[in-house]
Amino acid sequence: MSRLNGVTDKGAGLVRRWLGVLRDDLLTARADPLPPSVWLRWVPHGFVCLAAVGILLGDLNQLQGDGKLGPGHSLLVAVGQCGAIVLALRRPVPALWLSLTATLAGAVLLRRMLMAGQIDGFPWPWPTWGIVAHLLVLLLLALRVPTRVSVEALAVTALLTYVLQGLWGAWNYSSTGQTAVVLFAVAVVLGTALRGRREARAELGRQTTLTAEERARRTLLEERGRIARELHDVVAHHMSVISIQAQVAPHLVRDPSDELKENLAGIRQNAVEALTELRRVLDVLRSEHPAPGERADVPDTSRHAPQPTLDRLDSLVENTRAAGLTVTTEITGERRPLPPGVELSAYRIVQEALSNVLRHAPGATAHVALAYDPRGLRVEVVDTGPTREAPPSAGAGHGLLGMRERAVMLGGRLTAGPWSGRGYKVDAYLPAPSPHASAPSPQDGTA
């Protein structure tokens, strides 16, 4: 007995849960507007409204002519069925109930005429135009609601049809119940398929966007790792100099005090430890983000090569000319040694900009301009635009990210975009105040 009671309680719980799902799905008036078409925008909504007007006229003619209903009753039924179509554009679930209610009212009124013998052979319980109206309602509903709700709406429609035709019945009518239910099922399947296709395309678009963002983020991280690897030599050089100077300094002073020796020894020890930690970080960067074509498990024979500076700009330009690009250079201002990080970043920006011209602007002429001022260096690379179509490039297409990252890292700025018609311009400013330059005032605004 206890087992039977348990099974009964479990069955009652499932029924309550199912009824709760039905209540949440079908007893709701929430708005669910039909979104505009990607290509046609609001044209489908206009077609639906025109179709509703046409169905209204056809329904009135059938109900008043063949059905011999009065103008008031005919208008009530027709407006209910066709109004459900328009309502389904925004609130599909209430539109379903409005269509079923209008159909039920029409079936009751027409059954009275059939039972009285006033009409004969009229399509019942679904008039022809009523079937068309409900088809559109179910299609518009299936386009927006989950498949479960569409199936529930079809089940409610089939149940109403069975109650009217199978249980209640009438005389002297042309049966339309089975045909109507089959057509309604086709409408639900079609709407569900279109909805699934639309959602799949939307999800594909989201995934494509996420993939592009992830690719850009990964490229940016790789570029930052590359910048860190390149700046390692610069920082390591200064730390090594500090360590050596701290070691040699006591020998340059006659009778240095113990406090001086202790402080210099501490400076040297801190420099050595910082250099060790810096090399550890570099090893991590090399293992996680190896350079293109570089294997993490193979020693890099070029890692100890000196990083390029602007002294090698002429060599870079000559190599670019050898690749087939016409390049001119211009240097203005008082040329002076810049901090190694600025020299390296300026060289890499020019290198990347010229590489972009080679890849994307075949036949163009490039101009490289370096402008020194007391507060920094301006780097400008412009081209005249391609004279023929560029071949497909195998690059990642994120070179601008690396150039901008280098400029921002130094507190500067970089802009890039079309220039002089078909040409392209890369303009960067890298702050590097000279020892004799006065501190900039807040009103200067120099990047």
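**Aromatic pairs and annotated spans**

Biologist: Let's start with Y173: what is its relative accessible area?

Modeller: Keep in mind that this is a predicted model. Buried would need a value under 20%, and exposed one over 50%. Y173 falls in between, so it counts as partly exposed, with a relative accessible area of 23%.

Biologist: How are the rings of W124 and Y173 arranged?

Modeller: A search of the whole structure turns up 2 aromatic pairs. In the one made by W124 and Y173, the ring centres are 5.1 Å apart and the planes sit at 70 degrees. Planes over 60 degrees apart get their own label, so this pair is edge-to-face.

Biologist: How many residues apart are W124 and Y173?

Modeller: W124 belongs to strand β1 (residues 122-124), while Y173 is in strand β2 (residues 173-175). The pair links distant parts of the chain, with a separation of 49 residues.

Biologist: And which residue forms an aromatic pair with W126?

Modeller: The partner sits in helix α7 (residues 177-248), whereas W126 lies in the loop between β1 and α5. That ties together parts 58 residues apart in sequence. The two rings are 4.9 Å centre to centre, edge-to-face, and the partner is F184.

Biologist: Over residues 96-114, how far apart are the end C-alpha atoms?

Modeller: The unreviewed UniProt entry annotates several spans as "transmembrane region", including residues 96-114. In the model, that span is 100% helix and 0% strand. From end to end, its C-alpha atoms are separated by 26 Å.

Conventions:
Residues numbered from 1 in each chain as written. Predicted model: local features only at pLDDT ≥ 70, side-chain atom pairs only at ≥ 80, totals over all residues. Heavy atoms only, no water. Phe/Tyr/Trp six-rings, centres within 6.5 Å; stacked < 30°, edge-to-face > 60°. Helix = DSSP H or I, 4+ residues; strand = E, 2+ residues; numbered from the N terminus. Buried < 20%, exposed > 50% of the residue type's maximum accessible area, 1.4 Å probe, protein only. UniProt positions renumbered as here; feature names shortened; annotations may be inferred.
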